[in-house]
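Please look over the model below before reading on. My notes follow as numbered points.

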Amino acid sequence: MTILNNVLTVLIYLTSILLTLTILMHKGQGGGLSDMFGGGISSSAGSSGVAERNLNRITLGTLLVWVICIICYALLVKFAS
């Protein structure tokens, strides 16, 4: 059980970091956190619809993996002891 516990913990950390980065990469709607990191300066560079859709898919996939890992970890902690 410790190996599964460690694997889930590492997956949760990695997906948390990836999820944070992909959310920050989204095109801002104005005045948000993405504008603080230069999103407002190069608005024409990130205006591709295909890139935004791919980023949405990556973000949702990462979110799905993150939620599944959280649920599995909670079940492991509850029923392993």
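1. In what order do the elements of the protein chain run from the N terminus on? They run α-α-α, and the chain has three helices and zero strands. Helices (H or I, at least four residues) and strands (E, at least two) are DSSP runs, numbered from the N terminus.

2. This is a predicted model, in which local features need pLDDT of at least 70 and side-chain atom pairs count only at pLDDT 80 or more, while totals for chains, interfaces and linings use all residues. Residues are numbered from 1 along each chain as its sequence is written, and side-chain values use heavy atoms, with hydrogens and water left out.

3. Helix α1 covers residues 2–25 and helix α3 residues 49–80. They pack at an angle of about 150°, with their axes 9 Å apart; axes are lines fitted to C-alpha atoms over the stretch in contact, and angles run from 0 to 180 degrees between N-to-C directions. The two helices are therefore roughly antiparallel (angles over 145 degrees).

4. V77 lies in α3. V77 and N5 are 72 residues apart in sequence, yet their C-alpha atoms are 8.4 Å apart in space. V77 counts as partly exposed because its relative accessibility is 45% (buried means under 20% relative accessible area, exposed over 50%, partly exposed in between; 1.4 Å probe, protein chains only).

5. F79, also in α3, counts as exposed because its relative accessibility is 62%. Of the 81 residues of the protein chain, 15% count as buried.

Key: Parallel < 35°, antiparallel > 145°, perpendicular 65-115°, else oblique.
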